[in-house]
Amino acid sequence: MPSPVVEAYLALGSNLGDRLHNVQLAVRRLAEHPRLCVTHGSPVFETLAHTLTPDEAQPDYLNAVVRVCTAIAPEELLAFTQAIERDAGRERGGAGWQPRTLDIDLLAFGDRTLAAGDLIIPHPRLDRRRFVLAPWAAIAPDFTVPAPFNATVSDLLARCEDTGKVALFAGSLLDS
């Protein structure tokens, strides 16, 4: 029996190289997967990099969120997004909070919750990241993020304590 189609949300970010090209490349690569359909793309926002220490300087990020419909398992989606990151020059390992050519995070996978190895759904820190919630709210403000959040994206954005700059940079990723 085929797997049911699930609505999933992915956060895209880049702060190295041609940032806009990098996030646009991610959308194109996602759309090439035969069992994924990219249905919505948020505007692109420019945000300050979150760093490990307050005195650390990094280039600003471009961030966006896309909605995909898929029948693949979340683990397969994670492996595919990590391959896209690698192909874009992303190097994993070493200390966290490093600049990235491309970062793709799986935010939510329908109403599923999952904690298996490197994959936690919904993303465990999404409620603390205005740079994720602002673009997500632009395309799916009423999406209810499952436990432990049990709140809509717009509600999470309204109570997010992150006060970092989130400035509109470009229109929808799907318009390019």
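Here is a short tour of the model, stop by stop.

Before you click: this is a predicted model, where local features need pLDDT of at least 70, side-chain atom pairs count only at pLDDT 80 or more, and totals for chains, interfaces and linings use all residues. Residues are numbered from 1 along each chain as its sequence is written, and side-chain values use heavy atoms, with hydrogens and water left out.

**Stop 1: the rings**

Select Tyr9, Trp136 and Phe143, which ring pairs link into a cluster. The structure holds three aromatic pairs; rings of Phe, Tyr and Trp (its six-membered ring) pair if their centres lie within 6.5 Å, with planes under 30 degrees apart called stacked, over 60 edge-to-face and the rest tilted. Now zoom in on Tyr9 and Phe143, a tilted pair at 4.8 Å centre to centre with 55° between the planes. This pair links distant parts of the chain: Tyr9 is in strand β1 (residues 6-14), while Phe143 is in the loop between α3 (130-139) and β8 (144-145), 134 residues apart. Helices (H or I, at least four residues) and strands (E, at least two) are DSSP runs, numbered from the N terminus.

Buried or exposed? Tyr9 counts as buried at 2% relative accessibility, and Phe143 is buried too, with a relative accessible area of 12%. (Buried means under 20% relative accessible area, exposed over 50%, partly exposed in between, with a 1.4 Å probe and protein chains only.)

**Stop 2: helix α3**

Next, show α3. Seven of its ten residues are buried, so α3 is largely enclosed by the rest of the structure. Trp136 is one of the buried ones, and Phe131 and Leu133 are also among them.

**Stop 3**

Go back to β1 and pick Leu12. Leu12 is buried, with a relative accessible area of 1%. Its contacts (heavy atoms within 4.5 Å), leaving aside neighbours within four places in sequence, include Val23, Leu62, Asp103 and Leu173. Ala64 is worth a distance label: the C-alpha atoms of Leu12 and Ala64 are separated by 5.2 Å, though 52 residues apart along the chain.

Which residue of β5 is the bridge partner of Leu12? That's Ile104. Six bridges join β1 to β5, and the two run antiparallel; strands pair if DSSP finds at least two bridges between them. Strand β5 (residues 103-109) has seven of its seven residues buried, so β5 is largely enclosed by the rest of the structure.

**Last stop: a charge over a ring**

Finish with Arg19, whose charged end sits over the ring of Phe169, 5.6 Å from its centre. The criterion is NZ of Lys or CZ of Arg within 6 Å of the ring centre and within 35 degrees of the ring normal.
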